[in-house]
Amino acid sequence: MMLRRTFLALATGVAAIGLGLGGASAQELPKLKKKDHYKVGFAQTESNNPWRIAQTESMKAEAAKRGDQLVYTDAAGSAAKQVADVNSMIAQGVDLIFLAPREEKPLIPAVMAAKKAGIPVILLDRNVDQSLAKAGRDYVTFIGSDFVDEGKRAAEALTKAMDGKAKIIQLEGTTGSSPANDRRKGFEDYIKAHPGMQVVASQSGDFARDKGRQVAETLLQAHPDATAIYAHNDEMAIGAIAALEAAGKKPGKDVIVVSVDGTRDALQAIIDGKMLATVECNPKFGPKAFETLDRYAKGEQIEPWVVNTDRFFDKSNAAQLIADAY
Ligand code: GZL
């Protein structure tokens, strides 16, 4: 009996080490030594729209305000380049990396490389595939909006405005990105309970205005009976409005447009009656990102998801809030 118990204990121990559950350093989240000033990396996905530019400006402004050194990279829309950018930050020996993973899976190796190098990572704005990496184990936390809720709120507003009956064209964000995956999920889960609300076509416009216009043009030709457009971000929604007008359709009358972000152009489109509403997705991460870094350096236990709360913009408040929009 003794022999069996010893064997079992040994086997469990070996298995645990094999799974990396044993060796403390290999599995522990890197710590952040408290300093007066830090050298931090910020790996941005691209700068192809006002949202991303506003996010970058906010991070740079907060770093400057604190006298911290920011090693900034722009992956120009390439997940592979973003992985290389993170690896270069690791080589430069930054204290911590802020990463907005362009897509949920390709950035996992970068997160694991930083962990192996003893550099903590805070995910901003977009998340990684939760089955492959975990907050508190592989990275410190994810700071960002609830994209599923954004999709749900867009669906709620559209369902109400259309009395529960619409043929919807969906313009999806960047393929494989968490905002695109979750904004789709939130929207489609909501309309399941409203059979009159039908998505007749769904395609990625890569969160970009011109791509969004081109995709909207194609889908409107294929679905001339479409009565609504749900865009995963305002840039694509603005592109879709241009496509509608080019097709001789009146946005806000013939086709109702709803979106996410809360950019200045979107609020203007709402004021002009061309867009129904947009759910805010606040890009000004700077203060909260560095506040979370400070909390972590002080040894605080950081919650796995630091949630950004989102307002809702429609004709009731767009005019009074446009002055602060980006
Ligand atoms: C959302 C962010 C998205 C914005 C888009 O947090 O990742 O990326 O909604 C941006 O405008 O391109």
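**Close-up views of a predicted model**

**View A. L99 and its contacts.** Leaving aside neighbours within four places in sequence, L99 touches A43, Q82, V86, L107, V111, V121, I122, L123 and L124, where contact means heavy atoms within 4.5 Å. This is a predicted model, in which local features need pLDDT of at least 70, side-chain atom pairs count only at pLDDT 80 or more, and totals for chains, interfaces and linings use all residues. Residues are numbered from 1 along each chain as its sequence is written, and side-chain values use heavy atoms, with hydrogens and water left out. L99 sits in strand 3; helices (H or I, at least four residues) and strands (E, at least two) are DSSP runs, numbered from the N terminus. Is L99 buried or exposed? L99 counts as buried because its relative accessibility is 1%; buried means under 20% relative accessible area, exposed over 50%, and partly exposed in between (1.4 Å probe, protein chains only).

View B. Six strands make up an open sheet in the order 2-1-3-4-5-11, with parallel pairing; two strands pair if DSSP finds at least two bridges between them. At its edges are strand 2 (69-74) and strand 11 (305-308), each pairing on one side only. Neighbouring strands are turned by 15° against each other on average, direction ignored. Strand 1 (residues 39-44) and strand 3 (residues 96-99) share four bridges in the parallel sense, and F42 has F98 of strand 3 as its bridge partner.

**View C. Helix 4 across the sheet.** Strand 1, strand 2 and strand 3 all have helix 4 (residues 79-91) lying across them. Helix 4 runs at about 175° to strand 1; axes are lines fitted to C-alpha atoms, for helices over the stretch in contact, and angles run from 0 to 180 degrees between N-to-C directions.

View D. Helix 8 (residues 209-222) has 14 residues and reaches 20 Å from its first C-alpha to its last. That is close to the 20 Å expected at 1.5 Å a residue, the expected span being 1.5 Å times one less than the number of residues. Which residues of helix 8 are buried? They are G212, V215, A216, L219 and L220. These residues cover an arc of only 130° around the axis, so they lie on the same side of helix 8; the arc is that of the directions from the helix axis to the C-beta atoms. Their cover includes strand 6 (166-172), strand 7 (197-204) and helix 9 (234-246).
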